[in-house]
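Student: Could we go through this structure together, with each term set against its definition?

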Amino acid sequence: MDKDIYLSNSLGGNKEIFKPIDAKKVRMYVCGPTVYDDPHIGNARPLVVFDILFKVLKCKYGKSSVLYVRNITDVDDKIIEGAKLKNISIDKLTTNIIKRFNDDCDYLNCEKPTFEPKATENIPLMINMINILIQKNNAYENKSHVYFDVSSFKDYGKLSKKNVDELFAGARVEISENKKRSEDFVLWKPSKNEEPGWDSPWGRGRPGWHIECSAMSKKYLGDTFDIHGGGRDLLFPHHENEIAQSRCANENKHLSNFWVHNGFITISNEKMSKSQGNIFKIKDFYKKYNGQVLRLALMSTHYKQAMDWSEDLLIQSKKTLDKWYECQKKPEGKVLIPDEDLNPLYDDINTPGYISNIHKLYDKAVKGSDKDKEIFTTACNFVGLLTESKSKWNDFKNNTLEISEEVILQKLKDRNTARDNKNYELADKIRNELLDKGVLIEDKDDKTTWKIK
RNA sequence: GGUAACGUGGCGGAAUGGUUACGCAGAGGAUUGCAAAUCCUUGUAUCCCGGUUCGAUUCCGGGCGUUACCUCCA
């Protein structure tokens, strides 16, 4: 489609026309997981949001013209703590969690990014970047620690619209003995023997939290790229610090031209947090819901808004997909989604607006031709919905059932016998029994069929 | 306290300087032994107070409310 893509840019705070630096090589970096615990639905949101943005970008610029990099941070204090807590090796923990993460991505039907670099495989790049920052007087070493000197970077706070003086004047943050100012942040820190560490000019140690993204985005996307994405919580300090490191090391005006942040998921309007005990892991939904249900649920709110997670939301999403799967028809050959229907996605990834259009395409498809059904299905497929076969969708539901198919068929037989004898009381009783077990009966024409509620 | 985002019907949730999408739930109808499914029809909303304007839910100001962020170090 010729239409421009619009994106809300956290840098500046306005919705802008998206123009890539090079239309033949559109570059997006999204902050991936720190692999210390099972991914939760808060992690699921950026996965789906940026998966859709990836698809939209490919739609406009061509499949092979879009690079999508999502890092895996596999060295961090939280990982060290997590391994200790679970009493397993760090290696085992990160391997486990990376597997979980990949399973969750599959479950949510997210495409693989172009590159998924791991922090531990890029330590030399980080050391190199830290060296440059020290040389340029943007960083200093003290007692085997290296800190970034925030006062050396005049644009610090620009992304998150924070005034550095005000931010740290409150004296809420204690000044560490090792660093000059409270706002400075660590680039490198020493590791104890049992902790993971790498040799460096400042002794055996490990990188600070932010430097891995600066090093890896540079490696795969260069000094300046088009889009940097992640959750709202990363805006400060993580992205602010990334900008400081990268721009000082690379001496350029922008790290990324666009900064895109997705909002939070809340539970009963409270932020998910461990202390509240209200964290939902993605794998907790494996048995009860097809991943498509979560995907549609995550699309039902615009990515910038906070979204409240609820069982009701999932029930509605499931119901909608049930309806949509009835109308699924695999497109034969190339089918185009009408521009006017695609429009909302180009306008700042407006997924609710797009869903609305899918509903309209559905209305048309139900009454219309095979072609209409193919257009409807294509529109769903575009955002990763209705991609599995109808039988697979139904199989998933059957697997959640506690009653065997044999028993169901026998009950249907009994009921129809009762109906033939006009014993409607018994017939209704059987129907309600099955309904209690989640089996819904439909009398259509002369045939009785059943399905999972 | 500082900063930012948000406030739309019963619920979820878009859009918009002038008839306020879409879904769920509700109501009425067709159909049905009753249901289910499907189809048709349908009611209901822009937090409060000012300002700009012929006209504000939309723009501006104030208020109220909700939420988030305020690191690393510890």
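Student: Which element gives the largest share of the surface near RNA strand B?
Tutor: In this predicted model, that element is α11, with 5 residues; helices (H or I, at least four residues) and strands (E, at least two) are DSSP runs numbered from the N terminus. Local features need pLDDT of at least 70 and side-chain atom pairs pLDDT 80 or more, whereas totals for chains, interfaces and linings use all residues. Residues are numbered from 1 along each chain, chains are lettered from A and ligands numbered from 1 in the order written, and side-chain values use heavy atoms, without hydrogens and water.

Student: Why is the approach of Asp184 to RNA strand B called a polar contact?
Tutor: A polar contact is a pair of N or O atoms within 3.5 Å, and a polar backbone atom of Asp184 is 3.3 Å from a base oxygen of RNA strand B, so the pair qualifies.

Student: How do you know that β6 and β7 pair?
Tutor: Pairing requires that DSSP finds at least two bridges between two strands; 3 bridges join β6 (residues 145–148) to β7 (residues 185–190), so these antiparallel strands are paired. Phe148 stands opposite Phe185 in β7.

Conventions
A polar contact is a pair of N or O atoms within 3.5 Å; within protein, one must be able to donate a hydrogen and the other to accept it, and residues adjacent in sequence count only if both atoms are side-chain atoms.
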